[in-house]
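Please look over the sequence and the structure below. The report that follows goes through contacts, confidence and one pair of side chains.

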Amino acid sequence: MDGTETRQRRAEELGLRYALSTGRLPRVSEDGPLSVPESQRVSPKPLGTELSRETALSIGLQHWPVFMEVKDLLTLVPPLVGLKGNLEMTLASRLSTAVQATVVGFLAAMAALLLGALSRGELDFEKVELLCASSVITAFLAAFALGMLMVSIVIGARKLGVNPDNIATPIAASLGDLITLSILAFFSSFFYKYKDSRYLTPLVCISLMALTPVWVLIAKKNPPIMKILKFGWFPIILAMMISSFGGLILNKTISKEQYKGMAIFTPIICGVGGNLVAIQTSRISTYLHMWSTPGVLPLWMKKFWPNPCSTFCTSEINSMSARVLLFLVIPGHLIFLYVIYLVEGHSVPNSKTFVVCYLLAGLMQVTILLYLAEVMTRLTWHQALDPDNHCIPYLTGLGDLLGTGLLALCFLISWLLSEAELDGTLELASGPP
């Protein structure tokens, strides 16, 4: 089934289940805000545990020989991780996901090669086959594995009467990062080890691309799935392009001394932002499916560009969930910082300036994303489009770009201030007695 049907059924179940258990429907105040049962409210997630495993993996990833030799693989990390989350967090059909993952994985490799060529002024043809094969097989296997996992989680959540928004979305964004990075690291190292084998990487690419018509033929048996396959490309591809620019920032900064530790923090800030904005978008989408019809906004949500204060500072249910998610940012990042300093304290900046800048960057990223989630869900709903399928890819891609850019700025500010402090100390020491 497509995203809209999933949301409508979920909305009906939520409303009917609550009505049957209490004898009345969820109530709406005169101003419109929804009062919902506890099971439908935002449950604070232990962000420090959600991303800790892929954080530990990313600590040593940039030191692997293949990543040191093929720099464009680092450009692939944000779009591939984002692609996985975009496909799974929309809860789309598994067969359409396999098709989209294969094709967009190939396009991500092409984008990484193009961006790398533009930044260096030359195209390294020796790395083309390795990059394409690694990207395509990573996208395909990650989408397949996570697709099976997501189906199981959503079915289990529905049977237990738990809101899938609070479970499936964070798992897709966090556990998926670990799976995607692991697959990319394993297969890229494998292809690099056997790089002298002339036919290995072309055979992998051709075989996976040849399976695409098979998935299309099977998907045609279900019209809703085919609808996703026909019209669900643009958000995924555009999000991949946006994330690729974040990967380019990572690629250009990771080898410079002033950005030492950049690769460790990148999956954290991007993952936290993607997790939180995807949860909020899914909840707003569910809210709209419960209390309106596609193409018609509720009276209290008529403004396409709401006042930021109304997004975070009112008693309306979506505003309350935005505040809860925003309050999770600082504690979550503090947990990450503590873990990183325990494991790799010598490889990252440890100044108070960096910590403050990093926390402010994370807070700024999530604040911007949560506001844009409110705006984009209204715009897409007004166009009778499902916000799940059309907003989450854009927002997670933008979260990758914002997170990587703000993180690079944090490292730069911390380095400049430390250099200025060092220069002042040297001048003082070399001054007249």
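## Contacts and fold

In this predicted model, 82% of the contacts in the protein chain between residues at least 6 apart in sequence join residues at least 24 apart. A contact means heavy atoms within 4.5 Å. The protein chain has 17 helices and 0 strands; these are DSSP runs, numbered from the N terminus, with helices (H or I) of at least four residues and strands (E) of at least two.

## Burial and surface

Of the 433 residues of the protein chain, 55% count as buried. Buried means under 20% relative accessible area, exposed over 50%, and partly exposed in between (1.4 Å probe, protein chains only).

## Confidence

The protein chain has an average pLDDT of 74, and 72% of its residues score at least 70. The pLDDT is the predictor's confidence in each residue, from 0 to 100.

## The salt bridge

How many salt bridges does a search of the whole structure find? The search finds 1, where a salt bridge is a side-chain nitrogen of Lys or Arg within 4 Å of a carboxyl oxygen of Asp or Glu. Arg378 pairs with Glu374, and their closest N and O atoms are 2.8 Å apart. Both residues belong to helix H16 (residues 352-382), 4 residues apart, about one turn of the helix. Arg378 and Glu374 are both buried.

## Notes on the numbers

Residues are numbered from 1 along each chain as its sequence is written, and side-chain values use heavy atoms, leaving out hydrogens and water. Local features need pLDDT of at least 70, side-chain atom pairs count only at pLDDT 80 or more, and totals for chains, interfaces and linings use all residues.
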